[in-house]
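Try each exercise yourself before you read the worked solution.

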Amino acid sequence: MQLQHDDIKLGLAQAIDQALRKQGVELSSETIYDQIGKAPNIEMGHFAYPCFDLAKQFRKAPPLIAKELSAQIEPDRLIASVEAAGPYVNFFVNPQAMGDLVALPILDGRFFRKDLTRDTPKMMVEYSQPNTHKELHVGHMRNLSLGDALIRILQYAGNEVISSTFPGDVGTHVAKCLWYIKYHNTDPMPDTEKGAWLGRMYTLGSLKLEDELGSPQEAINRQQLSGILSQLEAEEGEFFDLWKETRQWSIDLFNWVYDWAGVTFDKWYWESEVDVPSVAYAKTLLQRGIAIESQGAIGVDLSEYNLDFCVLIKSDGHGLYATKDLELARRKFEDFHIERSIYVVDVRQSQHFQQVFKVLELAGFEEAEQCYHLAYNFVELPDGPMSSRKGNIIAIMDLIRQMVDRVIREYLEQYRGDWPDAEIEEVANIITKGAIKYGMVRVDPNKKIVFELENWLNIRGESGPYIQYTYARINSILRNLNDHDLDSADWSLLTEPLELAILVKLADFNNVVALAAEQYKPNHLTRYLYELAQTFNGFYNSHSIKHTESAALKGARLLLSKAVAVCLREGLALLNIPVPERM
RNA sequence: GGUCCCGUAGCUCAGUUGGAUAGAGCAGCUGACUUCUAAUCAGCAGGUCCCAGGUUCGAGCCCUGGCGGGAUCACCA
């Protein structure tokens, strides 16, 4: 539920409210506020109020109501003029008021510290659940970008949010990797890029195991794998030592990527730490009669909820993914006293979470209804889904390297000698972050992304770098033209339609972020930032800031530009995308 | 078969909770840098919003039924 934080809409709602009262009609201010929208284009108006809902009360046709209503609204500090257009009342606003209520608060930061939403439970967002002993691929990057952006947006909207991650450091995938290293690998142990090497071992292992299914070798393999798993569980033996060492290699890779992306977690939960306790918990469910024994396994029959049977303890006594999530869900609420728990996990786990939440509910864990699986669709390649198991993945490392190289070669090489080499390297990384994160988050979470490398490396048009470029461009203008510090401007001089279009767009920032927070959809923000940048670039290309008829107008345009830059920077920050000072 | 998601321009996607003439990018074509950053901008072209009903002042959006694609459904995670 959004608070009424938009001063412009509030001002318009007041004027409409007064005009309606004069005609003897009373509406709640919320209703009016919520109905105020944008005019279709800047020639028709800046904001619009539709009169359809008034038809019943007035017993008149909406166009007639719009006409009478607009006649009742007097221009004031905010409202420059009012026009009825069919069933709509269209408002033109004064640049002076827009400057005071929008641009100035943006420039001094007040604008970004408003409370946007009413219900702000303390929540935990869990995201990034990579498996050790596998390579991180671009699919993991979507999860990382989405979860990180979501947390920042939720915090901005006023929620207290704790971030957590849940890496999978135990399980059969680990055994397959260690199995291959020990029994089949002939390469020397690596000195560098150990995480990536491990990922290859996993792929080779799972391919070999798949190959040998149905062969005499199968039984031997099975025995060897089970031996490995036993050692890991007993926490002793050569495989346990190898596990400890190689596990760290993967963690080092995770940390490299997290550092690069600027992501941190308040809490790391490990599958290995909840494994044993989760099985113990499942046994209590059996005792309580919530779980039953079936076909040698122990689980909960959820068929009456259309969720099938949820196995919690395998016939060999081991727990499963669902078992661990049962334990983890409870720990989260205990450890941090949260009121809401969000899981950013790909859509293929939907049924898994439905089962987990339902079992918790049946077990009497009331917070289960505050657990929410934020399912997003996965990233796939043009020729089908990615699979570490099969080895057809694009590693995050490879994407980053290729993109950094491309950015330097195509755009930054021209500055070589002029800029320090370190800055070229840094800016290339900033741009790469912009391209990758923006690309991952711009698509609606429940639509899949078909990853085509060449499209991603081409960063023209709608992209993170477009917005970063606009920021750097404004920065350059300010550097060159802002000879003395401006702290105020005569906003009333900004009468060009494109200048007003910018102000109107700026005013919408908080509405968009609030919407993104409500819907858990950061793509509303990416879209907004792109449109804001686009609006500015349109203005920039048709109006000179440097050459104006007066110094006052130049000052106003400079401050307007600066407000755009601040807004772009703050918006990108919510996506954890940095901006370069020049590019 | 059950459940969930998707279907909008050649391709990739928006569409602010039901509002005015459905918008961007890529690809294609035409223009704009001795000027404040051309990683940009302006313009052209491109549409049965999967189909059929329904709800109402109004539907790309909501409801019902189809069609097409994807995911998932007992000891992997």
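## Exercise 1: Cysteines

The structure holds zero disulfides, a disulfide being a pair of cysteine sulfur atoms within 2.5 Å. Your task: find out how far Cys310 is from the nearest cysteine sulfur.

Step 1. Go to Cys310 and look for the nearest cysteine sulfur: that of Cys371 is 14 Å away, and Cys310 is in no disulfide.

Step 2. Check accessibility, where buried means under 20% relative accessible area, exposed over 50%, and partly exposed in between (1.4 Å probe, protein chains only). Cys310 has 2% relative accessibility, so it counts as buried. Cys51 is at 0%, so it counts as buried too.

A word on the ground rules: this is a predicted model, so local features need pLDDT of at least 70 and side-chain atom pairs count only at pLDDT 80 or more, while totals for chains, interfaces and linings use all residues. Residues are numbered from 1 along each chain as its sequence is written, chains are lettered from A and ligands numbered from 1 in the order in which they are written, and side-chain values use heavy atoms, with hydrogens and water left out.

## Exercise 2: The whole chain

Work out how many helices and strands chain A has.

Step 1. Take helices (H or I, at least four residues) and strands (E, at least two) as DSSP runs, numbered from the N terminus. Chain A then has 21 helices and 15 strands.

Step 2. Look at burial: 55% of the 583 residues of chain A count as buried.

## Exercise 3: Strand β4 and its partners

Which strands run antiparallel to β4, and why is β4 largely enclosed?

Step 1. Two strands pair if DSSP finds at least two bridges between them. Strand β2 (residues 47–50) is joined to β4 by four bridges, and the two run antiparallel. Here Tyr49 stands opposite Val89 in β4.

Step 2. Now for β3 (residues 79–85), which six bridges join to β4, again antiparallel. In this pairing, Val82 faces Phe91 of β4.

Step 3. Inspect the turn. The hairpin of β3 and β4 has two residues between the strands, and Gly86 takes a positive phi near 60 degrees there.

Step 4. Count the buried residues: β4 (residues 88–93) has five of its six buried, so the rest of the structure largely encloses it.

## Exercise 4: An open sheet

What is the strand order of the open sheet of three strands?

Step 1. Read the order as β14-β13-β15, with mixed pairing.

Step 2. Find the edges. β14 (384–385) and β15 (449–450) each have a single partner strand, so one side of each has no neighbour in the sheet.

Step 3. Zoom in on β13 (residues 379–381), which is joined to β14 by two bridges and runs antiparallel to it. Glu380 stands opposite Pro385 in β14.

## Exercise 5: Positive phi

Is Arg59 buried or exposed, and which loop holds it?

Step 1. Some background: most residues other than glycine have a negative phi.

Step 2. Arg59 is not a glycine, yet has a positive phi of about 55 degrees. It sits in the loop between α3 (55–58) and α4 (62–72), and it is exposed, with a relative accessible area of 76%.

Step 3. Do likewise for Glu193, another non-glycine, with a positive phi of about 50 degrees. Its loop lies between α7 (172–183) and α8 (194–211), and at 44% relative accessibility Glu193 counts as partly exposed.

## Exercise 6: The second largest pocket

Which domains does the second largest pocket lie between?

Step 1. A pocket is an open set of points, on a 1 Å grid over the protein atoms alone, with protein on both sides within 12 Å along at least five of seven lines; lining residues have an atom within 4 Å of a point.

Step 2. List the lining: there are 25 residues, with Gln2, Lys9, Asp508, Asn511 and Val512 nearest the centre of the pocket. The largest share, four residues, comes from α20.

Step 3. Assign the domains, whose bounds come from an automatic or database domain assignment. Domain 1 (7–93) and domain 3 (396–446 + 455–574) both give residues to the lining, so the pocket lies between them.

Key
1 Å grid on protein atoms, 1.4 Å probe; cavity = no way out; pocket = protein on both sides within 12 Å on 5 of 7 lines; lining within 4 Å.
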